[in-house]
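Here is a briefing on the model below.

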Amino acid sequence: MKSAVRDIYNNVFEFVRTFGAFQLFFLRLIRHSPRMLMRRPGLVIKQIYNTGALSLVIIMVCGFFVGGVLGLQGFANLARFNAEDSVGAVVALALLKELGPVITALLFAGRAGTALSSEIGLMKATDQLSAMEMMAVNPVRRVLVPRFLGGVIAMPMLVAIFTCVGLFGAHVVSVDLLNVDVGAFWQQMQLSVDMDDVQEGIFKSIVFGIVASLMAVWEGYNAIPTAEGVGRATTRTVVITAIAVLIFDFMITAIML
Amino acid sequence: MHCLNGFLLFCIVSSESENLIEIRDLMYSRGARVIFKDLNLTIKRGEITALMGPSGTGKTTLLRLITRQLIPQQGFICINGVDISTLNQRELYELRQRFGMLFQNGALLTDLNVFENVAFPLREHTKLTNRLIRHVVLTKLHAVGLRGAADMMPAELSGGMARRVALARAMVMDPEILIYDEPFVGLDPISMGVIVRLVRRMNDALGITSIVVSHDVAEVSTVADRSYLISDGKVAASGSPDELHAANSELVRQFMHGMADGPVAFHFEAPNYAEQLLGRDSE
Amino acid sequence: MQQTRSVEIGTGLFVLLGMSALFFLTTQTTGGDRFSADDTYEVEAYFENVGSLKARAPVAMSGVTIGRVTSVTFDAERLQAKVTFEIDSQYGTIPDDSDASILTSGLLGSQYIGLQAGGSEDSLEDGSEIFFVQDAIVLENLIGKFLVSSGGDE
């Protein structure tokens, strides 16, 4: 009985400690970020390429099909109320406010997040981070900050591209295949979409960019430096990012309503 | 406190002497496991010092302590007369720029090619022009015989080549102290011979102080000026390779001649064999 | 060098694509006839019932947006809802006996204020009140009325 209490105490203690370490880690990244952006933009650009440009294919393919299925479902269900013309509005609102940022963040975690954490974990396992430390180069600044910044910058772009391709997919399905009037499609969309809705999506994409990149970098940096440890860190990156993104999504939506 | 003052004084005095690194009464434990206790050793300027010992004695840990990637619980490590536990981040990085370290597997940065790997410290710490960097890097690569491999990626290199590139990188800032962590492990005889020759040549030609951590007795004996044999968290024996070979301590003999059983037992601690087989430990 | 060049080109293309996607979203999906004018004058009106009219809802005349609602509050003295809205100054000749009604765009769409021109010589100006108003149509009341009136026939 006593040991159970002790276990709980230890777990809670460990949780609080990890949480605190996580906050400090985040602050360290933030603190080094402006200087890295100013002095070594080349490093950040390379990471924007790695996380952003290399995720384009998956983002665009998924965006097209998500938009397409929204068009199908929207059409089928709105047809019950004779409101097929609103399909543009429904798809645009869903993509802009929710699905664009959330699905992009989840895909980002799967494509770029895992790549980041396994790369950093492997650098740790093969002593590359220690080697930098020994060459008097701060690995947090040289390795982690550019990767974090690259993710943070790439995410809003990916979300915007995802949403656009999604709209295109919905357009193809509903206008070209299901014969919704093209004018009605766009007019209904423009009538019901507000600048606020777009801003909500952009805000979410920025928050998710920070969350997803931070998790990936954190998990990689704290991976146990073995093959198994790196594998576990990669898995945890996806799981934790997914949970965090969905929780943040709920909170932001609740606040913005 | 008194003791500390006395030690700092000692540090200052010895800074003029030929002792580059002094380790006194070092205690380090990880969790409940004590790795070093009352460890004392001295590394002399300009010599090649070998740290030897059975695997698992914490040789790599000792290197991490010397370079302050770890901090000891007790005792002092003085480099050039400065207690390194007192340094702040900036001073520590200044100190580390005077170190070169060769990691076990080279630890080359996988996303940079050989040239950029060697140029890395220069790009990070100096504002040299590209032409000058090119000049320095090619010189160092030439010294390890890999000028022709400048455009290759680390993944394309063999183990011995990777280690030579890492050596060129460790040399590029012209360090005072070069640390080799297990430089001979997993190399074919030719690469091994190359590395042994390089260690010796770097040390003599450039007046560097070298520390070699290894358990390859034969290779160490050919390069080291002085060896420390570490076992059970202490220095078990020290002296020139010849002295160690001639030593009559059982542990030293076992290690130097590679005997399977001795003070370092062949069997890991276990209950009585007969009893366990007969199943008496089941209750 | 060749490698960094292709990285730079790739990144540049990616960022350009992202920017143009953002631009597309902000300009093409949102309402094109959104009201934005620097110079406006404010008018107020009191309603018994505003339905679900909200701030930022459009104010339209003959179907063209000429202004927007700035606030919807409850006036405790008159026990009515007070709606203030701003109108673009270039439409400065709206008669002051025009009437304002709360209308719904589409069957279930959002609500807006529709102005119908009156015949007065004087125009609305900053701070004037519109006296002729028509409340929002609340579905329940409508159904109630319908039931009562159809019941009265018997």
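In helix α7(B) of this predicted model, I195(B), V196(B), L198(B), V199(B) and M202(B) are buried. They sit on the same side of α7(B), because they cover an arc of only 160° around the axis. The arc is taken from the directions that run from the helix axis to the C-beta atoms. Buried means that 20 or more other C-beta atoms lie within 10 Å of the residue's own; exposed means 12 or fewer, partly exposed is in between, and C-beta atoms are placed from the backbone.

Residues are numbered from 1 along each chain as its sequence is written, while chains are lettered from A and ligands numbered from 1 in the order in which they are written. As this is a predicted model, local features need pLDDT of at least 70 and side-chain atom pairs count only at pLDDT 80 or more, but totals for chains, interfaces and linings use all residues.

**Helix α7 of chain B**

- Helices (H or I, at least four residues) and strands (E, at least two) are DSSP runs, numbered from the N terminus.
- α7(B) covers residues 189-206, and its 18 residues should span 26 Å at 1.5 Å a residue; the end C-alpha atoms are 25 Å apart, which agrees.
- The expected span is 1.5 Å times one less than the number of residues.
- Turned away from the buried side is a face with the exposed residues P189(B), I190(B), R197(B), R201(B), D204(B) and A205(B).
- The cover over the buried residues of α7(B) includes β3 (48-52), α6 (159-171), β7 (177-181), β8 (209-213) and α8 (217-223) of chain B.
- After α7(B) comes G207(B), with a positive phi near 65°.

**Helix α2 of chain B**

- Helix α2 of chain B (residues 59-66) has K59(B), L62(B), L63(B), L65(B) and I66(B) buried.
- These buried residues line one face of α2(B), because they fall within an arc of 160° seen down the axis.
- Their cover includes β1, β3, β4, β7, β8 and β9 (226-231) of chain B.
- R68(B) follows α2(B) and has a positive phi near 55°.

**The four-stranded sheet of chain B**

- An open sheet of four strands has the order β2-β1-β4-β5 (chain B), with antiparallel pairing.
- Two strands pair if DSSP finds at least two bridges between them.
- β2 (33-44) and β5 of chain B are the edge strands, and each pairs on one side only.
- β1(B) and β2(B) run antiparallel and are joined by eight bridges; I23(B) has L41(B) in β2(B) as its bridge partner.
- β1 (residues 19-30) and β4 (residues 74-79) of chain B pair over five antiparallel bridges; here E22(B) is partnered by C78(B) of β4(B).
- β4(B) also pairs with β5 (residues 82-83) of chain B, over two antiparallel bridges; C78(B) has D83(B) as its bridge partner in β5(B).
- A hairpin is formed by β4(B) and β5(B), with two residues between them; in the turn, N80(B) has a positive phi of about 55°.

**Chain B as a whole**

- Chain B has 11 helices and 10 strands.
- Its C-alpha atoms fill a box of roughly 75 × 50 × 40 Å along the principal axes.
- Of its 283 residues, 36% are buried.
- Contacts are pairs of residues whose C-beta atoms, placed from the backbone, lie within 7 Å.
- Among contacts in chain B with a separation of 6 or more, 63% join residues 24 or more positions apart.

**Contacts between chains**

- Two pairs of chains are in contact, and chains A and C share the most contacts.
- In that pair, 21 residues of chain A are in contact with 17 residues of chain C.
- On the chain A side, α6(A) gives the most, with five residues.
- That side of chain A divides into 16 nonpolar, three polar and two charged residues.
- Ala, Val, Leu, Ile, Met, Phe, Trp, Tyr, Cys and Pro count as nonpolar, Asp, Glu, Lys and Arg as charged, and the others, Gly among them, as polar.
- Between chains B and A, 16 residues of chain B are in contact with 10 residues of chain A.
- α4(B) gives the most to the chain B side, with four residues.
- This side of chain B divides into eight nonpolar, six polar and two charged residues.
- Chains B and C do not touch, and their nearest C-alpha atoms are 11 Å apart.
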